Amino acid sequence: MADMGEFRDAVTAWAGGGPGDPARELAARLPVRVAVLLEGASDVAAVDALADGRGRNLAAEGVCVLPIGGAMSIGRYVRLLGPTGLGLRLTGLCDEAERSYYARAFERAGAARQDFFVCAADLEDELIRALGVTRVEELVGAEGDLRALQTFLRQPAQRGRAPQRQFRRFLGTKKGRKIRYGRVLVEALDPDRVPAPLDDLFSSL
């Protein structure tokens, strides 16, 4: 039986220049109704972690969470999945710096009234601010990365930087680290401390 993961993979292949028929066929067979367009895999990890924490099965609800590989790709995904494509309701998260890409893509596809949500810098920044740098450092230690963090903080480029910016940069210094901490940081949140963009996204689903 087809599942939402297969649909996500088919859409990703389609957006990369592959055939669209597999995605169309799966869309017809699955109860997919919403596409959540996220810039990267770390955002997906955070959304999945919050869904787990809230006891929600997004796939069963007809929600497909998609990493689009950066905001520059948003137009392609909106065309394929929105009103001019599969006709799904569109939403998502983006960074403040990429707001214009999302807004322009939604408008061009006739989806201007559909909501997406904007993080101040990026989702990691929102999560670090929600938790506080002391708690984030505790989590880094619990994950076995404290020595790596201490080495990173001794680098000349990090001197004088605000701790929040240091932690945000640290999460992106090793492949896969942002994805892992996307889940770790969300799982550590108190229920009433979920950053507004992420909380608002879930309220819209």
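Trainee: Which residues is Ser42 in contact with, leaving aside its neighbours within four places in sequence?

Mentor: They are Glu124, Lys178, Ile179 and Gly182. Contact here means heavy atoms within 4.5 Å. This is a predicted model, where local features need pLDDT of at least 70 and side-chain atom pairs count only at pLDDT 80 or more, while totals for chains, interfaces and linings use all residues. Residues are numbered from 1 along each chain as its sequence is written, and side-chain values use heavy atoms, with hydrogens and water left out.

Trainee: What makes Ser42 count as buried?

Mentor: Buried means under 20% relative accessible area, exposed means over 50%, and partly exposed is in between (1.4 Å probe, protein chains only). Ser42 has 8%, so it is buried. Ser42 lies in helix H3; helices (H or I, at least four residues) and strands (E, at least two) are DSSP runs, numbered from the N terminus.

Trainee: Why can we say that the buried residues of H11 line one face of the helix?

Mentor: In H11 (residues 196-204), the buried ones are Pro197, Leu198, Leu201 and Phe202. Looking down the axis of H11, they fall within an arc of 135 degrees, so they line one face. The arc is that of the directions from the helix axis to the C-beta atoms. Among the elements covering these residues are strand S1 (34-38), helix H3 (41-53) and helix H10 (177-187).

Trainee: What covers the buried residues of H9?

Mentor: The buried residues of H9 (residues 163-171) are Gln166, Phe167, Phe170 and Leu171. Their arc is 135 degrees too, so they line one face of H9. The cover includes H6, helix H7 (133-142), helix H8 (146-153) and H10.

Trainee: Which residues touch the most other members of the largest nonpolar core?

Mentor: A nonpolar core is a set of buried Ala, Val, Leu, Ile, Met, Phe, Trp, Tyr and Cys residues joined through side-chain atoms within 4.5 Å. Of the 39 residues in the largest one, these are Val36, Val47, Leu58, Val65, Leu93, Leu185 and Leu198. H3 gives the most to this core, with six residues. Another core, of 31 residues, lies apart from it, with Ala23 and Cys64 among its members.
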